[in-house]
Amino acid sequence: MKIRYLVTGICIAIITILVLYKSDKGEEISPSVFKGSYSNYSANDFIKLITYSQNQDGGYPRLNEFDTKYDLYYLFHLILIQKQLGLELNHNEIANLYQYLRIGFLNNEYTRIYEYYYFAMIFESNIIVDSEVKDKLIDCISALRMSNGFYSYDSDEIKSFNDDESQYYLSTSMAMEAYKVLRYSAVDPNLNKWLEEKMKHLDKLDIKNSGHLLLLIKLSDLIEVNYDKKILEEKTDKLIYDLENGLTEESLVFLDPIIELAYKNNKIKELTFVYDFIVNLQDNQNGWFKNDSESNVNVLPTYIALKYFNYLNLEIPNMLSLNKKLNEYKIGDIPFYYQKGSSDLLSTYYVKKIIKETNSNELNDNTDYSQNVDFSRMPVVNKFFYFGQVNESVLEKHKELLLNLTIKDLDTSIEQNNFADLYYTLLNLESLRYEINGDDIEEIEKKIIENIDLKLNDNSHSYDLNDLIKSYYKSAIIDNLGLDIDISSDIDLLVEVIEMKNPLYTDLIDMNYELEVYLDIYELLRKLNITFNNSMLIQKITEATTFYGVIKSGTGKFAYISYKVTYVSLVNNLL
């Protein structure tokens with residue numbers, strides 16, 4: 001049995017046999033304010049995130065790594081787009097955004113020069129950047145400086161320096177501009193000397209790569225290296241001439257440095273001939289722009305197009321659609337980038353439970369996404385989610401087919417010793433109000449006893465995740481059927497893992513969804529009235545709580561937002 005499949009199985013909620021505790025006093029939980037590190041943020045943003053993520057089919061997608069933190073590239077360009085539309089963030093919006101980005105920065109979530117650059121530029125005109133962040137940001141950028149004065153994109157690139165200096169024009173320009181915003185002077189004699197020599201021969205520079213030319217000009221302006229403005233005008237004229245006389249436009253990213261050079265040299269009106277090319281790259285439905293005819297809409301080409309229109313004082317086409325699209329990237333008053341995926345049963349199942357738990361009138365639960373799902377070839381686990389969210393009339397309508405399929409699942413899981421599928425099949429049969437016969441129960445008991453050889457000993461570190469999975473599902477099945485089998489060694493292993501005393505917990509972190517596993521174990525142990533220390537679990541949940549109150553699947557680098565972890569933490573007062 002493959003470990004990925006097994007661990008996926010344990011990440012599914014225990015609903016039918018486990019009691020979901022609301023609170024010690026039994027009252028309903030109101031998510032008006034979340035606890036922990038994000039106590040300053042109300043559930044309003046939490047509700048808006050869930051509302052925003054709903055697809056047109058009524059279902060909800062799993063949120064991926066994109067959504068656990070701001071992607072600074074998209075955030076930076078979204079803010080630039082807002083500025084082009086005259087919709088700059090107000091002081092409170094900037095302050096809230098800064099507090100969140102500050103946490104990520106101080107936790108070393110950003111490691112590359114462009115991330116440092118975007119971070120600095122987002123707060124360019126504000127004085128809210130505190131000294132701790134400013135000092136660390138300067139240190140991080142300075143650490144990427146190479147011996148020749150150029151700046152690398154990240155720390156790994158320093159070790160593999162390339163003699164082609166043009167590869168470092170952009171990274172070095174970003175470093176210098178970030179320094180300027182931070183009001184920090186970083187004069188490097190080697191860089192100055194090289195750039196002065198380069199700009200003395202500006203007339204000999206090849207203009208085929210207009211991006212390189214623009215970066216050299218920008219870098220010269222930043223560190224105050226002189227160059228011949230007349231020669232720059234002549235080169236700009238040549239770029240515009242070549243573009244108008246046979247040189248294809250290619251893309252908006254290709255056009256951008258020419259647009260910038262034309263604007264800098266008061267020649268932007270000479271670029272009116274590219275208007276039609278740019279307008280034809282706009283999506284008429286949402287107002288955003290593609291980079292070229294083959295690509296999808298994106299923030300960078302949208303920003304370039306808007307900048308072009310504003311430079312020429314032209315009316316921006318499809319403004320209403322464009323603003324509507326921009327609002328889709330906002331949760332509350334803060335820009336947010338999220339590209340919706342396809343709806344899935346697991347996410348939709350838990351969102352519906354969150355909706356029920358929070359009694360929120362803002363969340364739309366009118367569309368039954370699960371009714372549109374083809375269940376004839378569903379894996380066992382997906383059947384569990386399907387049964388858990390469809391209404392009684394739908395189950396009754398398809399009961400005969402579903403029951404036949406689920407009984408077949410029972411036979412297969414018993415035959416293959418697949419405890420994960422067996423467990424969820426038992427839950428599915430309960431949903432269909434089917435009572436399994438004594439022969440099947442005896443066969444299940446026999447299979448479990450044959451696999452009851454797991455015993456804790458001094459070499460517990462040698463056990464792998466397969467052992468953990470077996471221990472969990474054996475214990476859950478025994479509890480579900482009320483079998484009289486000694487599972488103390490399995491329970492001991494589960495307790496060791498949830499208290500993070502067993503080395504297996506480090507393997508779970510590497511899989512990026514350890515919290516989903518922990519919370520399955522948590523609920524099972526509570527159902528069995530097993531005493532254990534959950535302080536480490538609460539600490540992990542706090543670490544994984546995001547700005548919006550939803551919680552990630554774990555603390556690994558690629559953990560994703562998990563509606564399951566959010567829901568189980570909410571109903572058990574673990575937030």
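The legends below describe close-up views of a predicted model. Local features need pLDDT of at least 70 and side-chain atom pairs count only at pLDDT 80 or more, while totals for chains, interfaces and linings use all residues. Residues are numbered from 1 along each chain as its sequence is written, and side-chain values use heavy atoms, with hydrogens and water left out.

**View 1. Salt bridge between Lys218 and Glu177.** The closest N and O atoms are 3.0 Å apart; a salt bridge is a side-chain nitrogen of Lys or Arg within 4 Å of a carboxyl oxygen of Asp or Glu. Lys218 lies in helix α10 and Glu177 in helix α8 (residues 169-181), so the pair ties together parts 41 residues apart in sequence. Helices are DSSP runs (H or I, at least four residues), numbered from the N terminus. Glu177 is buried at 15% relative accessibility, whereas Lys218 is partly exposed at 33%. Buried means under 20% relative accessible area, exposed over 50%, and partly exposed in between (1.4 Å probe, protein chains only).

**View 2. Salt bridge between Lys238 and Asp242.** The closest N and O atoms are 2.8 Å apart. The two residues are four apart in helix α11, about one helical turn. Lys238 is partly exposed at 41% relative accessibility, as is Asp242 at 23%.

**View 3. Salt bridge between Asp409 and Lys383.** The N to O distance is 3.0 Å. Asp409 in helix α19 (residues 399-415) and Lys383 in helix α17 (residues 380-389) are 26 residues apart. Asp409 is buried, with a relative accessible area of 15%, and Lys383 is buried at 3%.
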